[in-house]
Amino acid sequence: MNQYDEILSRQRSFFATGVTQRASFRIEQLRKLKKAIRDYEPAIIEALRQDLNKSELDAYSTEIGILYKEINNFIKHLNSWVKPTRVKTALTHIGSQSFIYAEPYGVVLIISPWNYPFQLAIAPLIGAIAAGNCAIIKPSELSQHVSGVISEMLTVCFPGDYLLAVEGGAETSTELLNLKFDKIFFTGSVAVGKIVMQAAAKYLIPVTLELGGKSPCIVHKDANLDLAAKRIVWGKFLNSGQTCIAPDYLWVQKEVKEELIERMKGCIHEYYGQNIVQSRDFTQIINEKHFQRLLLYLKQARILVGGGYNEKRRLIEPTIIDSVDWKNPVLQEEIFGPILPVLEYQELSEVIKGVNEHEKPLALYFFSEKRELQDQILKEVSFGGGCINDTMMHIVTPYLPFGGVGNSGMGAYHGKKSFEAFSHQKSVLHQTTLFDLPVRYPSFKYALQMI
Ligand code: NAD
């Protein structure tokens, strides 16, 4: 007997009461969640400090504040999103009306990673609540303090029959994945994403997979180099590069390579000071295993900027390394750390070919003032989402669905897309009984000729 069976069946019974079907109930729960986060803010910030040495500013702006905005957006729009959407009715269906009903899946499982451990567990939960589901969250064991706070916060503020966090590592996930949930929302690595999808296949459970990969950042010679430098440095080194959509590697046109790197060096010093490895506020690498993995990249590279580290505190300086070839592990694996390899190109077509020879990235960033080049990239390269002349900002607007494609994931969320990710779209035709067109019936003599 699976130890989580009982929780699942209690949540099923709760769902069956029908209480989550009411929009007013869902809005009330979203308000409760917002209050819970407010009450637990100091504990969340402290846990983020313990797990990742996140500064209070980063904790607030990238983990907590972003959730308040998302909840507010849901509260504002939910009453209209839950309404059945009327769509056109085909001429052949004259007399009828067609509607799409957003129906909650039931009991959903959310599995989340450690890099933004609070935000990436709670953001999908907001969608799950709004769409009228019960939910079990399995946060990452690597960010154990945040995991503990999530678990306590949900236990104190919500009945476990409705929402609950289950703490543990891969073995806990495995047990949960053996159960027949109605939807699985997974954020994490490509390798584990495949395990999740296999498990889901057993019961044909719909999945959203928010995965990772190598996101290129391309800078063309006509780009505004000052802004490119600022925005790339910010996007790459936020959270010490432990961001799924951080620019993974930089591809810059030969003529402007030196100048761009010089400017990026200036930004690094301006943002983080000269003695970063002693900084109180620079995010640390999550654990020793990842720290050692990143040091290996440093040892195999020619360092252009940075390269220092503090082994005791698991800090690595924002580092830029010179052109490496594609066989080097730093260009084969997702870096997920504050190390940015730089490649140079002569013609944009080389970049397009190069990116297309690899798995479809989660994000892509292109810096250029030329509209036709921007259009060319958008047309010729497939990627989850991204920015022209910026990095990462596409993730922080509720109006852009966020998700990957191919190896970087399937499905999307944020804003209304989160509501849809946790709803089944039930299409229903309301037929009239006032009259009946005979053409479809076998007895209608000319039926076939008329089609
Ligand atoms: P991970 O895949 O190792 O772990 C994610 C979750 O899966 C954790 O809760 C973990 O306990 C669980 N898990 C681990 N092994 C498992 C197994 N064998 N079976 C079932 N569950 C298992 O990922 P991570 O290291 O926590 O996070 C980093 C990865 O996540 C990176 O690849 C990053 O790009 C990706 N990521 C993607 C997004 C996104 O929104 N697309 C956001 C953040 C991180």
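A word on bookkeeping before we start. The model is predicted, so local features are reported at pLDDT of at least 70 and side-chain atom pairs count only at pLDDT 80 or more, while totals for chains, interfaces and linings use all residues. Numbering starts from 1 along each chain as its sequence is written.

Let's begin with the sheets. Strands of a sheet pair through backbone hydrogen bonds, either parallel or antiparallel. Two strands count as paired if DSSP finds at least two bridges between them. Three bridges hold S1 and strand S2 (residues 97-104) in their antiparallel pairing, and you can find Thr85 opposite Ile100 in S2.

Next comes an open sheet of six strands, ordered S5-S4-S3-S6-S7-S17, where the pairing is mixed. Its edge strands, each pairing on one side only, are strand S5 (163-165) and strand S17 (409-410). Inside this sheet, strand S3 (residues 107-111) runs parallel to strand S4 (residues 134-138), joined by five bridges. Ile111 has Lys138 as its bridge partner in S4. Helix H6 lies across S3 and S4, running at about 155° to S4.

A nonpolar core here is a set of buried Ala, Val, Leu, Ile, Met, Phe, Trp, Tyr and Cys residues joined through C-beta atoms within 7 Å. Buried means that 20 or more other C-beta atoms lie within 10 Å of a residue's own, exposed means 12 or fewer, and partly exposed is in between, with C-beta atoms placed from the backbone. The largest nonpolar core has 119 residues, and Val108 and Ile110 touch the most other members. Helix H4 (residues 119-130) supplies the largest share of this core, nine residues. Leaving out residues up to four places away in sequence, Val108 touches Ala128, Asn133, Ala135, Phe181, Asp182, Lys183, Phe185 and Phe422; contact means C-beta atoms, placed from the backbone, within 7 Å.

Where does H6 turn up again? It gives the largest share of the shell around the ligand, three residues. Both helix H6 (170-177) and helix H7 (190-202) supply at least two residues of that shell. There are 27 residues around the ligand, and Pro113, Ser173, Gly188, Gly212 and Cys244 come nearest. A residue is near a molecule or strand if its C-beta atom, placed from the backbone, lies within 6 Å of it. By type, the shell divides into 11 nonpolar, 12 polar and four charged residues.

Now for strand S14 (residues 339-345), which is mostly covered: five of its seven residues are buried. Strand S9 (residues 249-253) pairs with S14 in the parallel sense over four bridges, with Gln253 opposite Tyr345. Strand S13 (residues 319-321) also pairs with S14 in the parallel sense, over three bridges, and Thr319 stands opposite Ile339.

The loop between helix H8 (225-237) and S9 holds Asn239. Phi of Asn239 is near 60°, a positive value in a residue other than glycine. Is Asn239 buried or exposed? Asn239 is buried, with 20 other C-beta atoms within 10 Å. Asp58, in helix H3 (residues 56-81), touches Asn239 and Thr283, not counting residues up to four places away in sequence. Asp58 is buried too, with 21 other C-beta atoms within 10 Å. The C-alpha atoms of Asp58 and Asp281 are separated by 9.1 Å, though the two residues are 223 apart along the chain.

Asn389 also has a positive phi, about 65°, without being a glycine. Asn389 lies in the loop between strand S16 (385-388) and S17, and counts as partly exposed because it has 17 C-beta neighbours inside 10 Å.

Methods:
Ala, Val, Leu, Ile, Met, Phe, Trp, Tyr, Cys and Pro count as nonpolar, Asp, Glu, Lys and Arg as charged, and the others, Gly among them, as polar. Two residues are in contact if their C-beta atoms, placed from the backbone, lie within 7 Å. Axes are lines fitted to C-alpha atoms, for helices over the stretch in contact, and angles run from 0 to 180 degrees between N-to-C directions.
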